[in-house]
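Hi everyone, thanks for coming. Let's take a few minutes to walk through one structure together, and please have it open on your screens.

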Amino acid sequence: MGRVREATISFALLLFIAGSSAELVDLDMDNFDEKIKGSRLAIVEFYAPWCTACKNFASEYEKVVEEFDHRPDVLVARVDGFRYPHLSTRYQLRFFPTMKIFVDGSTKAEDCKTSRKSENIIRDLQSRIDNVAPLEKRELVLELTSDNFTRVALNKNMNVLVTFVDKNCPACNELLAEMKIVAQDFAPEGNFAVAKMTLAKGRTLAKIYGVKSVPYVRYFPRGDKRGAEYIGILDADEIGKYVNSKEDMFTFWSESRQMQGRNDDIDEIIISHIDQIEDRDVMEVKQELFNLQSELSDKEEIKCAQYYIDVLDWIKSEGFYIILEEMNRVEDEMAALAHDDKFNMTNLMKRFNVLQLFYSSAKGYEESDHEHPHGIMHDEL
């Protein structure tokens with residue numbers, strides 16, 4: 001990858017995309033304008049649930065979703081035009097399905113004049129992308145806002161290096177020059193992006209991710225909502241080496257290892273009680289785990305069950321954010337020991353896997369809704 005390319009693959013990437021598939025974005029009255037304005041290019045299918053032609057078209061449209069799922073600047077979405085008649089009227093629909101194209105964040109629509117064959121739609125969209133490619137190449141560092149942060153920085157198909165900056169910060173300007181070099185070096189990968197978030201546009205996000213001073217750099221491997229803070233020399237070469245090391249440290253990871261330390265029966269209990277757990281109401285869940293643990297005979301399985309119980313105790317004591325902090329701590333420990341041939345990663349893997357189960361199962365948990373206990377900004381921010 002880049003000029004310091006190594007044969008690497010990201011641990012966090014594998015954790016989050018294993019078994020995943022392309023996602024079709026559903027739009028409604030509340031998010032329609034926001035999503036369109038946050039995209040470079042968007043195609044939206046207006047459909048109706050009862051529409052037979054829409055159902056027949058679904059498999060073709062899914063191919064379009066999959067084709068552009070790796071492009072954070074391309075939005076492939078749909079809207080229930082029957083449920084949201086205001087949007088249907090706004091865009092003067094005469095039948096379902098109808099496809100509309102939106103360019104450069106404008107909510108003014110263009111008709112998609114191709115047939116409903118996926119290859120024709122893909123060809124049309126690709127030609128539009130190619131037409132603006134020279135402009136995209138000049139924009140080496142993407143501009144983030146609160147509206148597009150999730151879709152760009154947390155995109156499940158992109159590795160994104162984000163720097164938080166302030167317009168009155170000379171060091172930030174120097175870093176952005178280095179970031180452009182990083183963007184150029186990694187551009188051939190196709191799934192890597194460099195982006196910046198100014199404090200004026202992302203103060204809340206800065207708090208969430210614990211930004212205490214600028215410039216601040218955080219790396220988000222594919223689909224990793226947590227990311228990892230870069231602590232090192234603000235130089236293109238060093239940052240590039242860091243990105244490679246984050247991917248290199250988990251070359252050993254395989255899908256089968258993602259279940260190490262996990263117990264299917266316990267997982268089911270945790271998932272079914274996740275709302276209680278998020279509210280730190282863990283006593284009932286603990287009792288179920290104790291009951292299950294008492295029926296186990298294998299020492300490793302008993303030890304595994306105990307770790308779930310320990311995690312519940314931490315949540316009870318510290319709150320659900322302890323999961324995020326502990327995942328970061330375990331991941332940092334794994335990174336530090338990744339190249340030590342004498343060190344056995346298995347126990348750390350098991351702990352991370354259990355923590356990941358809690359984190360990914362939290363249905364009502366959104367980082368933007370919770371202030372990180374350590375995310376206190378310095379006065380200058």
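In α8, the buried residues are Cys 172, Leu 175, Leu 176, Met 179, Val 182, Ala 183, Asp 185 and Phe 186. Please keep in mind that we are looking at a predicted model. The helix itself, α8, covers residues 170-186, 17 residues in total. From its first C-alpha to its last it reaches 25 Å, close to the 24 Å expected at 1.5 Å a residue.

Now to the backbone. As a reminder, most peptide bonds are trans, and most residues other than glycine have a negative phi.

Let's start with omega. Which residues does the cis bond with omega of about -10° join? They are Phe 96 and Pro 97, and Pro 97 sits in the loop between α4 (85-90) and β4 (98-103). A cis peptide bond also runs from Val 214 to Pro 215, this time with omega near 0°. You will find Pro 215 in the loop that lies between α9 (199-208) and β9 (216-220).

Next, phi. Stay with the loop between α4 and β4, where Gln 92 is also found. Gln 92 is not a glycine, yet its phi is positive, about 50°. Is Gln 92 buried or exposed? Its relative accessibility is 67%, so Gln 92 counts as exposed.

Arg 280 counts as partly exposed because its relative accessibility is 35%.

Methods: Residues are numbered from 1 along each chain as its sequence is written. This is a predicted model: local features need pLDDT of at least 70, side-chain atom pairs count only at pLDDT 80 or more; totals for chains, interfaces and linings use all residues. Side-chain values use heavy atoms; hydrogens and water are left out. Helices (H or I, at least four residues) and strands (E, at least two) are DSSP runs, numbered from the N terminus. The expected span of a helix is 1.5 Å times one less than its number of residues. Buried means under 20% relative accessible area, exposed over 50%, partly exposed in between (1.4 Å probe, protein chains only).
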